[in-house]
Amino acid sequence: MNDLESTKAKSKDKASFEKEDYKYGFHDAEQFIFKAERGLTEEIVRNISKIKNEPQWMTDFRVESYRIFLEKPMPNWGDVKGLNSIDFESIYYYLKPTGGQERSWDDVPEDIKNTFEKLGIPEAEQKFLGGVTAQYESEVVYHSIREDLEKLGVIFTDMDTALREHSDIVKKYFSTIIPPSDNKFAALNSAVWSGGSFIYVPPDTDVAIPLQAYFRINAKNMGQFERTLIITDKNSKVHYIEGCTAPTYSTDSLHSAVVELIAMEGSTIRYSTIQNWSNNVYNLVTKRAVAYENARVEWVDGNIGSKVTMKYPAVYLKGRGAHGEVLSIAYAGKGQHQDAGAKIVHAAPDTTSSILSKSLTKDGGQSTYRGLIKVYKDSINSKSSVKCDALMLDNKSTSLTLPYMEIEEERGVRVQHEATVSKVDDDMLFFMTSRGISEDDAKGMVINGFIEPFTRELPMEYAVELNRLIQLEMQGAIG
Amino acid sequence: MTNETLLLDIENLHAQYVNPHNQNEKINILNGINLKIYKGKKHAIMGPNGSGKSTLSSVIMGHPHYQITQGDIRYYNQQTSKMESITGLLPHERAKKGIFMSFQNPVSVPGLPVTQFLRASLQNIRGKDITVKDFRKELKSNMEALQMNPDLMKRYLNEGFSGGEKKRMEILQLSLLQPRIAILDEIDSGLDIDALRQVSEGINRLVDNERAFILITHYKRLLDYIAPDSVHIIAEGKIIKEGGPELVDILESTGYEEIVKEAKLAS
């Protein structure tokens with residue numbers, strides 16, 4: 001809380017752009033030096049657009065979004081208390097210190113450094129995750145992958161570059177899935193977005209390797225207000241991975257991203273996220289996908305960190321035979337609230353969906369599953385199954401399941417919901433410890449088993465790291 | 001029995017169950033157990049439902065829901081050749097000292113691969129790393145001896161196992177871990193005749209001059225396969241009668257009620 005107080009005090013010193021000297025360097029030819037201030041005004045929004053040299057339509061879009069942001073009320077559900085405690089005036093909306101301005105390693109909290117050590121993360125990567133350096137992945141790797149993709153006709157770049165170099169595609173699809181009016185935080189992101197990924201996969205193209213944000217870290221994907229847009233053309237396929245299991249230290253108290261996915265006929269998008277923000281961050285993310293005929297969209301979503309997360313990846317099944325899937329885990333430890341879930345909208349016949357949500361709570365943490373299955377009239381033969389499993393590690397923690405269903409069609413429609421709540425009980429631990437395994441290790445095994453349906457969907461290195469992280473959490477070795 | 005080596009000495013053991021949700025709710029279950037377990041011997045503990053048989057094994061292993069209020073459990077320390085109290089040790093520490101307990105209802109852990117659990121257990125008990133290759137080899141021979149379906153190893157710990165498969169898993173762990181004392185808590189329950197025979201054979205293969213067994217059972221039929229050296233009858237949290245294998249037959253003909261009555265009269 002002290003940090004927040006002091007930033008508030010500083011923010012009163014409302015110097016304008018020339019006062020503070022945080023540098024922001026784009027990785028491309030243009031080098032901007034831009035000085036930030038806290039808080040948000042229309043002028044700042046216009047300046048963001050101006051400095052990025054954006055086309056007029058984007059400037060107008062930002063300004064309009066800013067107006068919507070001001071008008072939109074705060075959501076009156078989820079973590080209301082947490083939401084209302086966000087001080088919008090104390091936030092840097094652009095060119096934050098973690099950008100070009102490098103933080104000193106000494107500023108990174110000890111507990112986070114210890115976790116890096118225990119996870120065995122290479123030093124260069126530690127510095128990136130700690131916000132000390134803006135990049136760590138070798139340029140060579142990045143370039144060779146980019147060349148392979150270019151040969152396939154795949155566009156994989158940061159959003160700012162996409163707007164400059166592929167403005168026709170961006171203009172056609174940008175904000176078509178999540179309009180600024182969707183919610184207050186989508187409006188905020190639309191006004192001040194920066195960074196994020198843009199991917200376009202041409203028809204009949206299977207991108208065999210998962211595209212990872214790691215490879216283009218130098219393009220600043222891990223911003224506060226990143227904006228991601230992925231389009232798979234007919235019968236193409238891509239897997240995108242963002243985030244990482246290791247704690248990501250941020251001095252920013254608000255992370256509010258918007259992610260839009262468009263899966264054309266017969267195409268497949270899998271979007272995997274592991275979020276482990278430091279526990280001062282409000283992580284309020286809007287993620288939505290549209291799946292056309294026989295397309296498939298899968299959200300694999302892991303929320304480990306942050307103070308409050310509110311995130312409900314959605315899939316709109318708009319074409320016959322489309323399939324949507326959300327697989328998520330949430331871990332809520334001391335002082336954390338994970339309010340996560342999923343939303344699937346069946347808007348065409350023969351569409352199918354499945355949701356598997358796993359939540360873990362410990363030390364008074366709170367997790368909420370909030371989900372909606374909507375079946376529109378005439379979406380005959382739609383099938384959906386929802387499964388929510390909660391595992392509580394002690395009696396102080398809470399877990400809530402809020403499944404909503406709106407079913408307008410009956411013909412051939414089947415919607416199933418199943419929820420379980422369990423505890424790591426003493427008898428289970430007694431059994432395992434009686435075989436020579438310490439209690440902490442036994443707990444870790446139970447938990448890793450519980451999240452196994454999630455981890456088995458992750459690439460190996462992520463799965464291993466996630467399991468190690470959970471093991472450390474159990475030993476109370478973190479934070 | 002005087003020239004035999006004492007392995008476990010339970011003396012005037014009083015223990016109560018403490019409700020984990022309400023620490024004030026306590027129920028006395030063991031009311032002064034005296035029991036001596038000798039190296040190389042098979043001890044049968046018999047008694048009616050609710051007599052404290054299972055509690056006794058849980059207390060020896062260190063279940064957190066039981067509290068010892070009086071008495072002691074002492075265990076032979078090979079290094080010092082002395083009997084030392086184990087009541088201050090956690091369950092996994094007792095396991096590392098060579099105490100094993102099989103469960104009436106082994107728990108299942110969804111998502112935890114059987115092989116991962118077994119290898120972790122073995123490495124902890126032996127106090128050293130075991131390569132995957134060596135582990136597989138050892139596992140395979142032990143499973144074959146117990147006529148276990150190799151596909152069980154592709155599953156999660158006890159998840160979806162039949163009653164018989166779970167019991168075999170317990171005996172598999174017993175044979176892998178090679179404890180000095182094995183407490184088998186109603187290992188015969190829920191087994192059909194064939195399974196009982198296979199499980200008993202598995203146990204008998206482990207019988208030697210070093211290892212002690214505590215066989216907890218209601219029924220004679222297990223003891224037809226595994227002949228006990230001594231029999232201890234427990235009722236109302238006390239050992240009320242001790243003797244040789246002949247006690248099993250007496251019990252079978254008279255029933256518990258009669259023996260409990262006799263013991264009460266005698267005291």
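Biologist: What does chain A average in pLDDT, and where is the pLDDT below 50?

Modeller: This is a predicted model, and chain A averages a pLDDT of 82, with 77% of the residues scoring at least 70. Over residues 1-33 of chain A the pLDDT is below 50, although that stretch still has 43 contacts in the model beyond near neighbours in sequence. Residues 132-141 of chain A also have a pLDDT below 50, and this stretch has 24 contacts beyond near neighbours in sequence. Where pLDDT is low, the predicted coordinates should not be read in detail.

Biologist: How many helices and strands does the secondary structure of chain A come to?

Modeller: Chain A comes to 14 helices and 19 strands, and buried residues make up 52% of its 479 residues. If one takes the contacts in chain A between residues at least 6 apart in sequence, 82% of them join residues at least 24 apart.

Biologist: In what order do the eight strands of the open sheet in chain A lie, and is the pairing parallel or antiparallel?

Modeller: Strands of a sheet pair through backbone hydrogen bonds, either parallel or antiparallel. In chain A the eight strands form an open sheet in the order β3-β5-β8-β10-β13-β15-β17-β19, and the pairing is parallel. The edge strands of this sheet are β3 (211-212) and β19 (414-423) of chain A, each of which pairs on one side only. Inside that order, strand β15 (residues 352-361) of chain A is joined to β17(A) by 10 bridges, the two running parallel, and Ser353(A) has Ser384(A) in β17(A) as its bridge partner.

Biologist: Which loops hold Ser397(A) and Ala208(A), and is each residue buried or exposed?

Modeller: Ser397(A) lies in the loop between β17 (383-392) and β18 (398-407) of chain A, and it counts as buried because it has 23 C-beta neighbours inside 10 Å, where 20 or more are required. Leaving aside its neighbours within four places in sequence, Ser397(A) is in contact with Thr361(A), Lys362(A), Asp363(A), Gly364(A), Gly365(A) and Met392(A). Its C-alpha atom is separated by 31 Å from that of Ser90(A), 307 residues apart along the chain. Ala208(A), in the loop between β2 (197-201) and β3 of chain A, is exposed, with 10 other C-beta atoms within 10 Å. The C-alpha atoms of Ala208(A) and Thr273(A), 65 residues apart along the chain, are separated by 18 Å.

Biologist: Which residues have the most contacts inside the largest nonpolar core?

Modeller: The largest nonpolar core has 181 residues, and those with the most contacts inside it are Val192(A), Ala263(A), Ala289(A), Ala291(A), Ile181(B) and Ile233(B).

Biologist: How many residues does the contact take from chain A and from chain B, and which elements of chain A give two or more residues?

Modeller: The contact takes 19 residues from chain A and 25 residues from chain B. On the side of chain A that touches chain B, the elements that give two or more residues are α11 (426-433), α12 (439-450) and α13 (452-455) of chain A. By class, that side of chain A has eight nonpolar, six polar and five charged residues.

Biologist: Turning to chain B, what is the order of the open sheet of six strands, and which strands stand at the edges?

Modeller: The order of this open sheet is β6-β7-β8-β3-β9-β10 (chain B), with mixed pairing. At the edges stand β6 (99-102) and β10 (238-243) of chain B, each with a single partner strand, so one side of each is left without a neighbour in the sheet. The twist averages 20° from one strand to the next. Within the sheet, strand β7 (residues 181-185) and strand β8 (residues 212-217) of chain B pair in the parallel sense over five bridges, and Asp185(B) stands opposite Ile216(B) in β8(B).

Biologist: Over how many bridges do β1 and β4 of chain B pair, and how many residues lie between β4(B) and β5(B) in their hairpin?

Modeller: Strand β1 (residues 6-18) and strand β4 (residues 66-77) of chain B pair in the antiparallel sense over eight bridges, with His14(B) opposite Gln70(B) in β4(B). Four bridges join β4(B) to strand β5 (residues 82-85) of chain B, and these two also run antiparallel; here Asn77(B) has Lys82(B) in β5(B) as its bridge partner. β4(B) and β5(B) form a hairpin with four residues between them, and Ser81(B) in the turn has a positive phi of about 55°.

How values were computed:
Residues are numbered from 1 along each chain as its sequence is written. Chains are lettered from A and ligands numbered from 1 in the order in which they are written. This is a predicted model: local features need pLDDT of at least 70, side-chain atom pairs count only at pLDDT 80 or more; totals for chains, interfaces and linings use all residues. pLDDT is the predictor's confidence in each residue, from 0 to 100. Two residues are in contact if their C-beta atoms, placed from the backbone, lie within 7 Å. Ala, Val, Leu, Ile, Met, Phe, Trp, Tyr, Cys and Pro count as nonpolar, Asp, Glu, Lys and Arg as charged, and the others, Gly among them, as polar. Two strands pair if DSSP finds at least two bridges between them. Axes are lines fitted to C-alpha atoms, for helices over the stretch in contact, and angles run from 0 to 180 degrees between N-to-C directions. A nonpolar core is a set of buried Ala, Val, Leu, Ile, Met, Phe, Trp, Tyr and Cys residues joined through C-beta atoms within 7 Å. A residue is buried if 20 or more other C-beta atoms lie within 10 Å of its own, exposed if 12 or fewer, and partly exposed in between; C-beta atoms are placed from the backbone.
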